[in-house]
Amino acid sequence: MSNEKLNTYDECGEHGGEAHAHAATVKRARELMPDEDVLTDIAELFKVFGDSTRTKILAALSVSEMCVACISSTLDMSVSAVSHQLRILRQSKLVKTRRDGKEIYYSLDDGHVERIIGTALEHVKEL
């Protein structure tokens with residue numbers, strides 16, 4: 001292989017024993033990819049979504065704002081178990097609270113969370 005051809009291929013290197021290059025694609029991907037810290041934050045967000053109890057809570061809250069007692073009744077879970085998961089969801093900024101007297105109501109933090117749940121639901125239903 002000539003040096004000129006080698007330079008064209010060095011972005012992707014070897015692929016199955018043959019030179020394989022899409023230098024412009026590699027360059028564009030490198031320029032447009034989020035930085036490492038953002039990608040780490042995305043991975044952490046998906047870890048939170050990786051627990052079925054938390055996704056059940058998010059699905060319930062996508063229907064309506066609820067207090068802990070209503071969430072636990074809806075999901076047939078203990079208040080303690082729901083409270084523990086809500087703490088994680090709040091720390092991840094996926095749910096927010098609103099106080100009404102002594103009662104605390106939980107809801108999805110914003111439209112982004114609702115869209116993530118909706119998109120995931122749509123995707124799973126296609127499988």
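The model is predicted, so local features are reported only at pLDDT of at least 70 and side-chain atom pairs only at pLDDT 80 or more, while totals for chains, interfaces and linings use all residues. Residues are numbered from 1 along each chain as its sequence is written, and side-chain values use heavy atoms, with hydrogens and water left out.

The protein has 7 helices and 5 strands (DSSP runs numbered from the N terminus, H or I of at least four residues for helices and E of at least two for strands). Going along the sequence, they come in the order α-β-β-α-α-α-β-α-α-β-β-α. Of the 127 residues, 20% count as buried; here buried stands for under 20% relative accessible area, exposed for over 50%, and partly exposed for anything in between, using a 1.4 Å probe and protein chains only.

Next comes the core. In soluble globular proteins, nonpolar side chains tend to be buried together. In this model, the largest nonpolar core holds 19 residues, and those with the most contacts inside it are Ile57, Leu58, Leu61, Ile71, Leu86 and Leu89. A core of this kind is a set of buried Ala, Val, Leu, Ile, Met, Phe, Trp, Tyr and Cys residues joined through side-chain atoms within 4.5 Å. Two or more residues each come from α3 (36–49), α4 (52–63), α5 (68–75), α6 (79–91), β5 (103–108) and α7 (111–126). The biggest share, 4 residues, is from α4. As for Ile71, its partners are Ile57, Leu61, Met66, Val82, Leu86 and Tyr106, leaving out residues up to four places away in sequence.

Two packed helices are described by the angle between their axes and the distance between the axes. The axes are lines fitted to C-alpha atoms, for helices over the stretch in contact, and the angles run from 0 to 180 degrees between N-to-C directions.

For α4 and α5, the axes sit 10 Å apart at an angle of about 110°. That makes this pair roughly perpendicular (65 to 115 degrees; under 35 would be roughly parallel, over 145 roughly antiparallel and the rest oblique). The crossing of α4 and α5 is right-handed, a label for a near helix turned clockwise from the far one by less than a right angle, with anticlockwise giving left-handed. On the α4 side the contact involves Lys56, Ile57, Ala60 and Leu61, and on the α5 side Ile71, Thr74 and Leu75. Sorted by class, that gives 5 nonpolar, 1 polar and 1 charged residues, where Ala, Val, Leu, Ile, Met, Phe, Trp, Tyr, Cys and Pro count as nonpolar, Asp, Glu, Lys and Arg as charged, and the others, Gly among them, as polar.

Helices α4 and α6 pack at about 80°, with 10 Å between their axes, and are therefore roughly perpendicular too. Thr53, Arg54, Ile57, Leu58 and Leu61 of α4 meet Val82, Gln85, Leu86, Ile88 and Leu89 of α6. This contact has 7 nonpolar, 2 polar and 1 charged residues.

The axes of α5 and α6 come within 9 Å and cross at roughly 110°, so α5 is roughly perpendicular to α6. Their crossing is right-handed. Val68, Ile71 and Ser72 of α5 touch Val79, Val82, Ser83 and Leu86 of α6, which comes to 5 nonpolar, 2 polar and no charged residues.

Ser72 lies in α5 and is buried, at 6% relative accessible area. Beyond its neighbours within four places in sequence, Ser72 contacts Met77, Ser78, Val79 and Val82. Cys70, also placed in α5, is partly exposed at 40% relative accessibility. Cys70 and Tyr105 are 35 residues apart in sequence, with their C-alpha atoms 9.5 Å apart in space.

Then there are the loops. Asp76 sits between α5 and α6 and has a positive phi of about 55° although it is not a glycine. With 73% relative accessibility, Asp76 is exposed. Lys93, in the loop between α6 and β4 (95–100), likewise has a positive phi, near 60°, without being a glycine. Lys93 is exposed as well, with a relative accessible area of 60%.

Notes
Contact = heavy atoms within 4.5 Å.
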